[in-house]
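Please look over the chain below, and read the report with the sequence and the structure side by side.

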Amino acid sequence: WRKKSACDVLQSHLSARTIQTMWRARTLRATFLKYVFARRLQSAWRKHHAQSQYTAFIASRKIQTLWRTSLALSRFNTYKAVRKIQATWRGSIILLEYKRYMAARKIQGTWRMSSARKNFKHYSGAKKLQSLWRSHQVRKKYVQYLERKEAATIIQSSWRLFVSYTDYIFTLADIITVQRVVRGYINCKYVGKIREERKQQVAKYLELQSNAIHVQRIVRGMQAKKRYFL
């Protein structure tokens, strides 16, 4: 009986273990299948979500590119328009300034030319006055020079005549004194010789006198000629 009970218990234990193993295997298989199915669903969902995000990113990127392109084109067109307006405005300002510069330059040239003409007229008038005044001064100085020259010539001729006359007088006085002394000495010693020497001295005296008269005549003639020609 015990052996039979033990066999029944063992069989019931083996049956329970087999049932448990089968149930656990079925449970594990069902769990694994659920895990695989859930993983496949998650991968499919993630793939779908990533594709949708990538499509949205590409679409947004295209939209941003188009928007940025249109914005850049509008900004570039605005920049070109502004630059063209600035260039036109600057060109008009430069042209206006150039016209003003040319007008001012023309006015300055006209004014400088009129000033130069006026200054030239004043300069020519002043130069003419200066030339007249200088010519008058030169003539005046020349007349003074001629007068002074004539006066100096007269003074020189008078002084030379006076010097010649005084030299002649002093020479003559010296000669007479020497003659008197010599004659006295000769009269004391040699009377005959004195007479002969006296004759020679008289001849010399007469020659000197004639020479002096000739010199006086020449000097007076030169003085008269100078006075006549001046």
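## Basis of the model

This is a predicted model, in which local features need pLDDT of at least 70 and side-chain atom pairs count only at pLDDT 80 or more, whereas totals for chains, interfaces and linings use all residues. Residues are numbered from 1 along each chain as its sequence is written, and side-chain values use heavy atoms, with hydrogens and water left out.

## Overall fold

The protein chain has two helices and zero strands, where helices (H or I, at least four residues) and strands (E, at least two) are DSSP runs numbered from the N terminus. Of its 230 residues, 4% are buried, a class defined by under 20% relative accessible area, with exposed meaning over 50% and partly exposed in between (1.4 Å probe, protein chains only).

## A nonpolar patch

Leu 95, Tyr 98, Tyr 101 and Met 102 make a nonpolar surface patch of about 420 Å². Leu 95 belongs to helix H1 (residues 2-189) and counts as partly exposed because its relative accessibility is 46%.

Gln 223 lies in helix H2 (residues 191-229) and counts as buried because its relative accessibility is 15%. Leaving aside residues up to four places away in sequence, Gln 223 touches Ser 157 and Leu 161, contact meaning heavy atoms within 4.5 Å. The C-alpha atoms of Gln 223 and Ser 158 are separated by 9.0 Å, although these residues are 65 residues apart along the chain.

Notes:
Patch = residues over 30% accessible without salt bridge, like charges linked within 9 Å, V, L, I, M, F, W, Y side chains within 5 Å. Areas by Shrake-Rupley, 256 points an atom, 1.4 Å probe, with all protein chains shown as cover. Salt bridge = Lys/Arg side-chain N within 4 Å of Asp/Glu carboxyl O.
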